[in-house]
Amino acid sequence: MVKKKGTPVWRALGLMTNIGITMAASVFIGYYMGHYLDKLLQNRIHYTNPWLTMIFALFGVAAGFRGVFRLINESLREGGKE
């Protein structure tokens with residue numbers, strides 16, 4: 001069994017940083033995907049602005065929360081083994 005390096009304070013700081021980056025990146029990616037699709041479909045099919053941007057931003061928020069819950073569960077599982 002490989003022993004984890006670092007103190008609990010550093011691991012907690014790393015987890016909190018990872019949570020922030022996960023949430024921000026997920027919302028950012030969802031927002032820009034929706035924005036890109038709004039611009040792409042603007043003159044081709046129908047005027048969708050800003051609906052796809054809002055919907056994909058919400059998808060990004062949901063994906064961010066899912067990622068955060070997975071990170072926390074993984075961290076709790078690893079913390080229980082020590």
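Student: Why does the length of helix 1 agree with what it should span?

Tutor: Helix 1 has 34 residues, and at 1.5 Å a residue they should span 50 Å. The end C-alpha atoms are 49 Å apart, so the two agree. The expected span is 1.5 Å times one less than the number of residues. Helices here are DSSP runs of H or I with at least four residues, strands are E runs of at least two, and both are numbered from the N terminus.

Student: Where do these values come from?

Tutor: This is a predicted model, where local features need pLDDT of at least 70, side-chain atom pairs count only at pLDDT 80 or more, and totals for chains, interfaces and linings use all residues. Residues are numbered from 1 along each chain as its sequence is written, and side-chain values use heavy atoms, leaving out hydrogens and water.

Student: How many helices and strands does the protein have?

Tutor: Two helices and zero strands. Helix 1 covers residues 8-41, and helix 2 covers residues 51-81.

Student: What about the loop between them? Which peptide bond is cis?

Tutor: The one from Asn 49 to Pro 50, with omega near 5°. Pro 50 lies in the loop between helix 1 and helix 2.

Student: Which residues of helix 1 are buried?

Tutor: Thr 22, Ser 26, Gly 30, Gly 34 and Asp 38. Buried means under 20% relative accessible area, exposed means over 50%, and partly exposed is in between (1.4 Å probe, protein chains only). An α-helix has 3.6 residues a turn, so residues three or four places apart point the same way.

Student: Why does Thr 22 count as buried?

Tutor: Because its relative accessibility is 19%. Leaving out residues up to four places away in sequence, Thr 22 touches Gly 64, Gly 67, Val 68 and Leu 71. Contact means heavy atoms within 4.5 Å.

Student: Now helix 2. Is Thr 53 buried or exposed?

Tutor: Thr 53 is buried, because its relative accessible area is 7%.

Student: And what does Thr 53 contact?

Tutor: Tyr 31, Gly 34, His 35 and Asp 38, leaving aside neighbours within four places in sequence. The side chains of Thr 53 and Asp 38 also make a polar contact of 2.6 Å. That term means a pair of N or O atoms within 3.5 Å; within protein, one must be able to donate a hydrogen and the other to accept it, and residues adjacent in sequence count only if both atoms are side-chain atoms.

Student: How much of the protein is buried?

Tutor: Buried residues make up 18% of the 82 residues.
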